[in-house]
Amino acid sequence: MTGMTPRLARFFETQSARVDAALDQVLPPAKAHPCTIHEAMRYAVFSGGKRFRPVLAIMSFQACGGKGDRILNAACAIELIHAFSLVHDDLPALDNDEYRRGRLSCHAQYGEAVGILAGDAMLPLAFGLLCGCGTRGTEQGQAAVQVLSKAIGSYGMIGGQIADLEHVALMESPGNRYRVKPPASSSKPLTVKAQEVLKRLNEINAQKTAALIAASAGIGALLAGSGKALTQRLSQYGHSLGMGFQVTDDLLDSDGVVSIVGEAKAREMAERYIGEAKQQIKPLGKKAVLLDELANFVRDRTA
């Protein structure tokens with residue numbers, strides 16, 4: 001990806017290829033009956049995504065001393081969950097997006113009913129993969145299932161989607177009392193209204209974006225056999241990275257938190273989140289070099 005160090009870019013290229021090869025193996029063949037659902041699942045998964053979350057899981061796994069391929073099933077599970085979320089986000093009842101990454105979204109290509117079912121089918125496949133990905137009997141696999149289910153449930157990604165729908169409805173309602181403008185100067189304090197909206201946006205971002213990124217880093221550490229303290233550190237790294245990721249998205253799109261606090265304050269927010277992420281991985285020392293470079297990339301990215 002543009003803006004990465006050569007070392008980080010090589011890692012992403014190599015590991016995303018591993019993830020793609022593994023996904024090709026775990027997804028049902030397109031010609032397997034019932035063909036339509038399997039074609040739609042593959043269409044959604046192989047849509048040109050960067051594999052940010054599964055590669056982060058692999059990076060965390062390796063930084064914490066994990067070796068071998070046992071992380072791959074978990075990485076595939078994480079990407080299947082991400083793909084499921086995008087397929088459902090694009091549906092008419094939610095974001096109503098006809099295109100994703102320059103081509104028809106899943107429901108636009110196959111129909112709304114197939115889009116819903118394709119997303120649904122990815123969930124059991126993902127959790128089935130997670131169950132057997134540990135090394136100590138089923139203990140690690142069960143723990144990974146718990147981490148991921150919490151990250152994507154009503155207290156995580158899906159809850160964040162609900163909160164986002166309610167937020168949009170509130171902001172677009174007639175006579176909206178929450179409509180605010182960013183301050184003219186970065187030194188000017190936010191109004192009470194702006195603080196309230198920012199708090200709500202931060203809560204949405206924590207659930208809708210950061211929760212799955214935190215789970216990705218945490219599961220990598222968990223499957224490497226890390227203790228509770230280090231696993232928590234990697235999860236917190238992922239949370240802060242995810243929050244920074246969303247703020248830089250908003251900076252690129254000039255919306256979200258930028259529309260509330262202005263560009264200067266948003267850049268300060270991104271810096272703070274990335275600083276918090278980097279602080280969490282300090283105990284890993286040189287083993288965390290790629291995690292550190294990834295944090296820099298998220299902070300500085302231009303696309």
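**Figure 1. The second largest pocket holds about 480 Å³ of space.** The model is predicted. The pocket's lining counts 18 residues, and Val 147, Lys 150, Ala 214, Gln 232 and Ser 235 are the closest to its centre. Helices α7, α9 and α10 each give two or more residues to this lining. The top contributor is α9, with seven residues. By class, the lining of the second largest pocket has eight nonpolar, eight polar and two charged residues.

**Figure 2. Helices α7 and α9 pack with their axes 8 Å apart.** Helix α7 covers residues 139–152, and helix α9 covers residues 192–223. The angle between the two is about 170 degrees. Angles over 145 degrees count as roughly antiparallel, so α7 is roughly antiparallel to α9. On the α7 side, the contact is made by Gln 140, Ala 143, Ala 144, Val 147, Leu 148, Ala 151 and Ile 152. On the α9 side, Gln 207, Ala 211, Leu 212, Ala 215, Ile 219, Leu 222 and Leu 223 meet them. Twelve residues of this contact are nonpolar and two are polar, with no charged residues. Val 147 of α7 belongs to this contact; Val 147 is also among the residues closest to the centre of the second largest pocket.

**Figure 3. The largest pocket contains about 1400 Å³ of space.** Its lining is made of 45 residues. Nearest the centre lie Leu 86, Asp 89, Arg 100, Gln 246 and Asp 249. Six elements are listed as giving two or more residues each: α3 (52–63), α4, β1 (99–100), α8 (157–171), α9 and α10. The lining of the largest pocket divides into 19 nonpolar, nine polar and 17 charged residues.

**Figure 4. Helix α10 runs from residue 228 to residue 253.** This helix has 26 residues. At 1.5 Å a residue, α10 should span 38 Å. Its end C-alpha atoms are 37 Å apart, which agrees with that span. Ser 254 follows α10. The phi of Ser 254 is positive, near 55 degrees. Helix α10 also gives two or more residues to the lining of the largest pocket, and two or more to that of the second largest pocket.

**Figure 5. The largest cavity has a volume of about 100 Å³.** The count of cavities of 30 Å³ or more comes to one. Its lining takes in 13 residues, with Ala 44, Ser 47, Asp 90, Arg 100 and Cys 106 the closest to the centre. At least two lining residues come from each of α2 (35–45), α4 (71–89) and β2 (103–104). Helix α4 gives the most, with three residues. Seven of the lining residues are nonpolar, two are polar and four are charged. Arg 100 is among the residues closest to the centre of this cavity; Arg 100 is also one of those nearest the centre of the largest pocket.

**Figure 6. Helices α1 and α4 pack with their axes 9 Å apart.** Helix α1 spans residues 6–26. The packing angle is about 80 degrees. Angles of 65 to 115 degrees count as roughly perpendicular, so α1 is roughly perpendicular to α4. From α1, the contact draws on Arg 18, Val 19, Ala 22, Leu 23 and Val 26. From α4, it draws on Leu 72, Asn 73, Ala 75, Cys 76, Glu 79 and Leu 80. Eight residues of the contact of α1 with α4 are nonpolar, one is polar and two are charged.

Key
Residues numbered from 1 in each chain as written. Predicted model: local features only at pLDDT ≥ 70, side-chain atom pairs only at ≥ 80, totals over all residues. Heavy atoms only, no water. Axes fitted to C-alpha atoms, helices over the stretch in contact; angles between N-to-C directions. Helix = DSSP H or I, 4+ residues; strand = E, 2+ residues; numbered from the N terminus. Parallel < 35°, antiparallel > 145°, perpendicular 65-115°, else oblique. Contact = heavy atoms within 4.5 Å. Nonpolar A, V, L, I, M, F, W, Y, C, P; charged D, E, K, R; others polar. 1 Å grid on protein atoms, 1.4 Å probe; cavity = no way out; pocket = protein on both sides within 12 Å on 5 of 7 lines; lining within 4 Å. Points joined across faces, edges and corners; volume = space filled by probe spheres on them. Expected span 1.5 Å × (residues − 1).
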